[in-house]
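Okay, thanks everyone, let's get going.

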Amino acid sequence: MLNIVGVVTQPDRPCGRKQHFTPCPCKVYAVENKIGPIISPESVNAPETLAQLAAWKPDVIVVVAFGQFLGRKVLSLPPHGCVNGHFSLLPKHRGASPIQHAIAEGDELSGVTIIQMDEGMDNGDMLLTAQEPICSDDTAVTLMERLAILGAVTMAKALRLMIAGELKRAPQDHENASYAKKMQKNDGRIGWAKPAWLIERCVRAFDPWPGAFAFLPGCTAKPSAAERIKVIEAKVMPAPEDIETVPGMICALSPLGPLVATGENALCLTVVQPEGRRRMDGKSFINGRSLRVGDRFA
């Protein structure tokens, strides 16, 4: 029998344009389903947090996408330690953004790894794994939805095996580890000199955040200003052979949207979102901005 003795979440954070303090989805779910008690410390390693954790007397602490490093005192507090559900097939893509990196790097397979936590970055012994294929049209959102379900099922299985004393540990191959660094806002800026197939993967990988984006001069009230355009969906297409292009240049106006030259082939922007506006299909974007062949994204 698995009993939850307490829930630890990140503190409420400012969210949206009005920056209202908003609880994370985990806290919302726990409150709505009367799971608790709940604490939301700024630091899980603070003395008062450690005292609260000790008072709960947990047999094991389960950690998923928590966003704080657990110190030695927390890791050693429960008899069975702390276990983490990581959204990759370790040792590949250790770190903060494994799903985005898996899609951007063209992996065909992802999954979930349950690990025994230590003080390193996702380098503890593996307890259980489960695989999930990456589809050619997956975004970070669609893949995360499937991995979240797979992760919950796999974690529950691992805990039941732990109770039965049948959970086996296997060390990771540290020499073949790779790291998925935390995404920054500017990571989404499109480098048009890259091949179109790589940019298309990044468009899917960075949806919804940080978002793949570029700047298009001449689309604002000020001729010298540039408008930030978020690319939501894109399609790799051959570049026209009858026109000389440079990366970032609109080389054709197709029925699906503007065709932009890249370092290899071209990218058709089929769904975009101009800054401060709603999403729109590529054809509406062409019409609304009076785009022409030769206009260039920066």
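So, this is a predicted model, and it holds two aromatic pairs. Just as a reminder, a pair of aromatic rings is described by the distance of the centres and the angle of the planes.

Take Trp 192 and Phe 297. Their ring centres sit 5.6 Å apart, with 40° between the planes, and that makes the pair tilted. Where are these two in the chain? Trp 192 is in the loop between strand 10, residues 179-180, and helix 6, residues 196-205, while Phe 297 is in the segment after helix 7, residues 282-289, so the pair ties together parts that are 105 residues apart in sequence. And both Trp 192 and Phe 297 are buried.

Now the other pair, Phe 213 with Phe 215. This one is edge-to-face, at 5.9 Å centre to centre and 90° between the planes. Are the two rings buried or exposed? Phe 213 has 3% relative accessibility, so we call it buried.

While we're at Phe 213, have a look at what's over its ring face: that's Arg 228, at 4.0 Å from the ring centre.

Okay, cysteines. A disulfide is a covalent bond between the sulfur atoms of two cysteines.

Cys 82 has 0% relative accessibility, so it counts as buried.

Last stop, Thr 113. You'll find this residue in strand 8, which covers residues 109-116. Thr 113 is buried, with 0% relative accessible area. What does its side chain reach? The backbone oxygen of Ser 88, at 2.7 Å. Leaving aside residues up to four places away in sequence, Thr 113 touches several others, including Asn 84, Gly 85, His 86 and Ser 88, as well as Met 126, Leu 128 and Thr 129.

That's my tour; happy to go back to any of these on the screen.

Notes:
Residues numbered from 1 in each chain as written. Predicted model: local features only at pLDDT ≥ 70, side-chain atom pairs only at ≥ 80, totals over all residues. Heavy atoms only, no water. Phe/Tyr/Trp six-rings, centres within 6.5 Å; stacked < 30°, edge-to-face > 60°. Helix = DSSP H or I, 4+ residues; strand = E, 2+ residues; numbered from the N terminus. Buried < 20%, exposed > 50% of the residue type's maximum accessible area, 1.4 Å probe, protein only. Lys NZ or Arg CZ within 6 Å of the ring centre and 35° of its normal. Polar contact = N/O pair within 3.5 Å; in protein donor to acceptor, adjacent residues only side chain to side chain. Contact = heavy atoms within 4.5 Å.
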